[in-house]
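Here are my notes on the model you sent over.

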Amino acid sequence: MQIGMVGLGKMGANMSLRLLSAGHQVVAFDRNEENVARVGSQGGTGVGSLEELAGKLSEPRVVWSMVPAGAPTESVIGELSAILEDGDIIIDGGNSNYKETVRRAEELREAGLAFVDVGTSGGVWGLKEGYSMMVGGDREIVEYLTPIFEALAPAPDKGWGYVGKNGAGHFVKMVHNGIEYGIMQAYAEGFEIMEAKDEYELDLENIAQIWRFGSVIRSWLLDLTANALKEDQSLSKIADYVPDSGEGRWTVAEAIDLDVPAPVITLSLLMRLVSRQEESYAAKMLAAMRNQFGGHAVKQDLD
């Protein structure tokens, strides 16, 4: 099958290479010409514009967009909708907000184009391990695209599946990332408790390796944690600043809208916000209040 790939960052490039290795034909475009050349050198067909990409694909054209959510995705899909023709298919594999996906699907349907949203997980390891894909859209279109998903997944029958109509794929991926926030926060807190227990001089990388096998808390995230600790157990070269890409916020907002309590995911998101503060005014206020009502000593900031 021919696939047009738009967006050749690390994940998009790896997906292209995985498709090529499975025998699919990939026509690739990215604003960075070096990225296009890299995929071209691996057997893909590199092009210099979306128009050229469309011209090299057989009908019905299948174009997979793998660009950042928000304005970049809006721009790419808008440009493609003006170039592609009736019956062509656009796939959004980025982390778009599912509400935007529902809107885009309706707009593209009116233009005669099919739209499929694929929540994609796997990051930089996807080329080797395969990608987990949560697919939303018209079931018949998804069935037509099955060879693509089978090639990208860990195995043809594992790690991917149809989850519902347009928007469902990105909705499920949003919740997936919210859960990821909570798991990561739990690991981080546990390892910090152990790191603080000086009297035992715990080898944290050794503990992570022990937990990886047989333990009820083993996971791929724990495997990656062990890798990080093996490289530098003190994490001395890493700043304690944790960004978020939006999905955790959307998950928390959705939980509120649905009256579903989600304290772990919510608190894990808030802890990421805490990590970005150079200093906490709230913590200073707490210290001031303790001093006012109990005469508790206040640690002075002499900087």
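1. Arginine 18 is buried, with a relative accessible area of 12% (buried means under 20% relative accessible area, exposed over 50%, partly exposed in between, with a 1.4 Å probe and protein chains only). Its place is in helix α1, residues 10-21; helices are DSSP runs of H or I with at least four residues, strands are runs of E with at least two, and both are numbered from the N terminus. Leaving out residues up to four places away in sequence, arginine 18 touches Gly126, Leu127, Lys128, Glu129, Gly130, Tyr131, Ala151, Leu152, Ala153 and Pro154, where contact means heavy atoms within 4.5 Å. Tyrosine 162 is 144 residues away along the chain, with 21 Å between the two C-alpha atoms.

2. A word on what we're looking at: this is a predicted model, in which local features need pLDDT of at least 70 and side-chain atom pairs count only at pLDDT 80 or more, while totals for chains, interfaces and linings use all residues. Residues are numbered from 1 along each chain as its sequence is written, and side-chain values use heavy atoms, with hydrogens and water left out.

3. Now the whole chain. The secondary structure comes to 14 helices and eight strands, and the C-alpha trace spans about 75 × 40 × 40 Å along its principal axes. Of the 303 residues, 41% count as buried. Among contacts with a separation of 6 or more, 65% are between residues 24 or more positions apart.

4. Strand β5 (residues 89-92) deserves a look. Both faces are covered: Ile89 and Ile91 are buried on one side, Ile90 and Asp92 on the other. Four bridges join β5 to β4 (residues 62-65), running parallel, and valine 63 has isoleucine 90 as its bridge partner. Towards β6 (residues 114-121) there are four bridges, again parallel, with aspartate 92 partnered by aspartate 117.

5. Next, β1. Methionine 5 lies in this strand (residues 2-6) and is buried, with a relative accessible area of 0%. Beyond its neighbours within four places in sequence, methionine 5 contacts residues including Gly12, Met15, Leu19, Phe29, Leu53 and Trp64. Valine 62 is 57 residues from methionine 5 in sequence, yet the C-alpha atoms are 8.7 Å apart. β1 and β4 pair in the parallel sense over three bridges, and valine 6 stands opposite serine 65 in β4.

6. Lastly, which residues line the second largest pocket? They are Ala283, Lys284, Ala287, Val298, Lys299, Gln300 and Asp301. By class that gives three nonpolar, one polar and three charged residues (Ala, Val, Leu, Ile, Met, Phe, Trp, Tyr, Cys and Pro count as nonpolar, Asp, Glu, Lys and Arg as charged, the others, Gly among them, as polar). A pocket is an open set of points on a 1 Å grid over the protein atoms alone, where a 1.4 Å probe fits, with protein on both sides within 12 Å along at least five of seven lines; lining residues have an atom within 4 Å of a point.

Notes. Two strands pair if DSSP finds at least two bridges between them.
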